[in-house]
Amino acid sequence: MSINFPKSEEETRRFWKEIDAFQTQLRLTRNGPRFTFYDGPPFGLPHYGHLLASTIKDIIPRYWSMKGYHVVRRFGWDTHGLPVEHEIDKEFHISSRENVLEMGIERYNAECRAIVMKYSGEWRQVIERLGRWIDFDNDYKSMDVTFMESCWWVFKQLYNKGDVYRAYQVMPFSTSLGTSLSHMESKQNEKLTVDPAVVVAFPLQDVEGQDNTALLIYTTTPWTLPSNLLIAVNSSFEYVKILDEKSGNHFVILESCLSTLYKDLKKAKYKVICQITGREMIGWRYEPLFHYFTDKFSDCFQVISADYVEAGEGTGLVHLAPAFGQEDYDAAAAAGFISPTRLPPCPVDDKGCFTPEIRGYEGLHVKHADKVIIKDLRGTGRLLVETNITHTDKFCPRSQTQLIRKAVSSWFIRVKDSIPDMLRNLESTTWVPSFVKDKRFVNWVANAHDWNVSRNRYWGTPIPLWVSEDYEEVICVGSREEPIELSGYDGPLDDIHRNKVDGITIPSKQGKGVLRRIDEIFDCWFESGSMPYASNHYPFENKDQFKPNLFPADFIAEGLDQTRGWFYTLSVLGNKLFGVSPFKNVIVNGLVLAEDGKKMSKSLKNYPDPTDILNKYGADALRLYLINSPVVRAEPLRFNESGVKEIVARVLLPLWNSYRFFSEQAAVFSKITGTAFAATTLAVSSNSGTVNVMDRWILADCQSLLRFMDQEMLGYRLYTVVPRLLQVIDNLTNWYIRFNRKRLKGAAGLGVEDTNAALNTLCQVLFTIVRAMAAYTPFITEHIYGLLKPYLGDLVAGLENSSSVHFLPFPAVQEELSDPAIERQVSAMQKIIKLGRAARERRSISLKTPLMSLVVVAAPQCLADVESLKACVELTGEEEKYGIRLEAKVDWPTLGKRLKKDVQVVRKALPGLTQEQLRQYQRDKQITVSGIQLTEDDLTIVRVMHHQTDSTEENGPNWEPFFADDGVVVLLDAAPHPELVDEGLPKLRKKAGLVPTDDIKMEYGIVSNPDSIDVCTLVESRQEQFKSSLRGQLEMATEAGGHCVLEEDQSLGSLVLRFRLVRLNQ
C-alpha cells in the first residue's frame, strides 16, 4: 500500500470540490462565535513569501473552525497604485504627465483596469494547490466602487476631525514614477549605493578680518549646489580657521573634521590660525557658488544656526538647499528666510530633471548632472576634494531607482498627536514573535511622521476634496451621493475613478466660482489601511454587524516588511476612527531567501519554481517545511529543496506507514477472528492494571499534545506546535508501534482481547493525530481520515457531518487518559534506549544484532522510572562496581586568568581529590583545594570508566560505556553471542512485498558453519518464539521446497544461513 503524496493531494482536491468542502465548513459553523480574519491584498505573481503567508493564514482559520468558530475568509486584491501604472508606463513608453494627458486619463485607467487581474488565474491555482481554503468568488478589490466609496468615508471622518491638512514639505520623491512617496514607503527599500562626495569652498564677503577666507562644506548631492541659499553651523561648536600652506588660502572648518579635507593629516601642511565659535559666524555673508537665485533671494547667502549640524562627519558646516532637505527647509524657515508665502527655489521637475531656470543644466537628470557640475567646478578653484562614498540610501520600491528629496505640496493625515493612543492600544495586542512589536513596531510608531496620503498619479481612489482656486474653500465628500447632491450631476456614479469624477464641479458658497476636485489620488497604502471598512462597504452596508463581528480582527499575518506598511496603516486608521487597535493578534514572518542567501531572483534562477516543488513533494511537505523553520519567528529562511524532501521522509511517510501498518493488522485481526475490527471509546484510569503500559503512555502523550496545542495556538506560536506534533509522530512510529508489533499482530500470546486493545489504541491515536494535524497538513490528514473512517464506528456517530476531517471538532483533552507519571517513566526508558543505541554506534554494531546484556547506572529516581526494564537490563546505583569514577575537568586558561599563580597549586592538588569530595562539590557547587576556593564554574565533573571489569575473563562482558550529561551511564556488553541467532532472524516478508494476510512458511539451510554450531538444536529450542513471530515453524529447507518467493543469505558471526520464503497452497 504505497502512496504518491502529490497524486493523493490532487484526489483530495477533487473530493473537496465534490462536497463543496469550504462552503460546507462555513455552513456547519454559521451558528458559532465569530472569529475575524483580515487578509492583506497582494499584487504580482505568487512566490514563496506568499506561500508562507498563505500557509499561516490557512492554519489559524482552520484551527479555529475546528474549535467551532465561524471564520469567514475572503481573498483580497490590491488593484490600484504605482505597480499597475508602472506596467502600463512600460508597455506604452510613458515617461511624463504630458504623455498620460495625451493618451487621456480615461484610456490610461482602462488599460490599468485591464491588467490588474492578469495573475488571478495563477493565484487561484497556486493557493488552491497549497490547500488554503479562502473565498475567491466573494473577494474584494480595491478598485471596486464599494471599496473606494468606503475609503472616501474614512477620509471624511478624519477631515471632519481636523486631522487632514495640506502642506509644502520635503518628501521622498521617485523621479521614475514622478510622485512623492510616504516616509513609510521610502524606508522599505534601503540599500548600498555609490555617490560622489565633494568639499566646496564658499569665500566670505565683507566680513571684517576674514579676507581670503572661505567656509568649507561637504555634500554627497552636488546637484543641490545650484539651489544653495544658506550655510548652517552649530552655534555651540568651536571651529578653527586654518592656513592651507599649499594654496595660501584660509578655511573655516571643525578641527575634528580636518580628515575630510586632508587624506593624511600627518603629512598635511596647514596651521591653525585661531578658533571661532559657531555663534560668532552667524550672519557672515559668502559668495554664492551659482547665481541663479541671487536676485530673488538676495537676502540669503549667509550663515545661520541649526542644532541638527553634527560634528561626526563632513566639515561641521552644512550647505542648505531648502527644497531638497527637510532639515534644510526647517532651518531656513526658522531663520525667517522662507515661509509658506515665500517658497524656496525648486528647479527640478517630476522627472528629476533641471528646469530652464538652471541654465546650462536644463533637461539633465539630477543624478546625471552630478558629474557635469563637478567637472565645471574644477576650473573655479572652489572644488577642494572630490571622491566617491559608499553609503546606504533609499530606493523606490517599485522602480528600484534612487530616490531624491523634493519639496512638494501634499495632503497629510496628522499622526503625531495620535502616537500616545496608538502605543497604549498596542499594549493589548499579541505579536509573534514579540520582539517585532517591542523592538520594531513600537519604535516605528513612537517616531512616526504625519502621513502623506496624496499621490500625483491616475489609477487609484481620487482624494474626495473639491477646492477653490486659492484653496481657501474646501469641501470633503464621504459618499457617492454627496457630489451628486452638491453639484447637480445627474449621471450615475457606479465608478469614481479620476476619469469619472474629475469633471464634476461644485458651485462655491463663497462666491469663488466653482470648486474642482484636486488632482491627487490616495496612496494605495491608505486603501490597504482602510481594508477593514472598505472590504465590507462600511458604513453603507453591514453597519449593524460591523462591531464586534467584523472589527477588530482576531488575527492577521504578513511579512516583517509590513511593520512599516500594512500593520502601520491599519493601526493609524483604526486608532483614528475607533480609538482601538484594528487587530488583536499578529503573526509576523521573515523573508524567504534563495539557498545562497540572496534574494530570490527570476533572472538569476537561484530558486526552484514553487509549482515544481508542489508537484514533486506535495503541499503538505512544503507547508510543514516552511512552518517548522526560523521564518515563522520573523527570521530569514534560506530555502532548500532538500528540506522539503526531508519532511516527506521524516514526517509524512512515517505517519502514512503507521496507518498502513494499522490497516494491515486490522485485516489480519478480521481474518483470524472472523470479526471486523471497530474502534470503541476509551475510558481508562491511570491506576488501571488491565491496560498495557505502552497503551496508557501513547494515549497520555496524545493528551499532553492536545493540551500543549490548545495553549500554544491560543498564543499563536506555530513554531512551537510543529516540533511537538513531530515528537508525537516519532513516539508513535519509532516507539509505540515498534515496541508493540507482536501485540498488534496478535503474536504476543496475550489473547484476542489484548490484540483488540492494542489496535484500538493505535486507531484512536491515529484519529487524534489526523485531527490535531489537520490545520497544518490538510491533505494527508484528510486522506488517512477517509481510510480510517470505516473503523471509527461510534466515535464519529452523532456528528452533523463527518465526511471530512476538517468538519470534525478539534479533539478535546481527555483528562482520564492523562498520566504524567507514565510519560516520565517512558521518557526515562527512551533515554536509556537511545544511550544504548549510541553505544552500539561507537562499536558499529547494527541494531539487528542481538547482544547479551546492558547495565544502567543512575540515581534512584531514574532507576525507579525504568523499573519495568529490570527484566531485560541490570539497574544499579553502584558506579564503582563497574569501574566508573568521577573526574574533574578544568578549563585551565580560563581558571588561570582568575587564579594567576595559584592555578599551579590547584593543578597539583586536583588528582588527589577523593570521590566523596567530588560528589560533595556536585552538591554544594564549591570546594576548597589546598586553601584555594573553587566555585561552580571552575570545575566540570564528568564520569569516566577506568577499567573494563571482568573483561579479561574468557567469554566475559566487553563493556562499551556511554555517559549522559545528567549522570546516567549505560554499559553495553558488545561481546558477540552466536546462540542469540533466533533473535536476529531477517525479516524478509516486507522485502518480498507480502502483506500480513499472505500464508507463507520460512525455511533455512546452512551455507557455512566453521565453528560447528549445533544449528538444528538451537532452532528447535526456540520454536515457540518462531511460531509467535512467523505464525508457523522455522523448518530445514528441502529440495522439494515449493514456490520460493524470496531467498537470502545472512551472516551471524562466522555462521552463514540461507533463508527462504515459500508460499503455501501453490
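User: How many aromatic pairs does the count come to?

Analyst: The count comes to 59 aromatic pairs, where rings of Phe, Tyr and Trp (its six-membered ring) pair if their centres lie within 6.5 Å. This is a predicted model, in which local features need pLDDT of at least 70, side-chain atom pairs count only at pLDDT 80 or more, and totals for chains, interfaces and linings use all residues. Residues are numbered from 1 along each chain as its sequence is written, and side-chain values use heavy atoms, with hydrogens and water left out.

User: Why is the pair of F354 and Y361 called tilted?

Analyst: Planes under 30 degrees apart count as stacked, over 60 as edge-to-face and the rest as tilted. The planes of F354 and Y361 stand at 50°, with centres 6.4 Å apart, so the pair is tilted. Both F354 and Y361 are buried (under 20% relative accessible area, 1.4 Å probe, protein chains only).

User: What makes the pair of F767 and Y785 stacked?

Analyst: The planes of F767 and Y785 are at 20° and the centres 6.3 Å apart, so this pair is stacked. F767 is buried, and so is Y785.

User: Which charged end sits over the ring of F767?

Analyst: That of R771, 3.8 Å from the ring centre. A charge sits over a ring if NZ of Lys or CZ of Arg is within 6 Å of the ring centre and within 35 degrees of the ring normal. The charged end of R129 likewise sits over the ring of F779, 5.8 Å from its centre.

How values were computed. Buried < 20%, exposed > 50% of the residue type's maximum accessible area, 1.4 Å probe, protein only.
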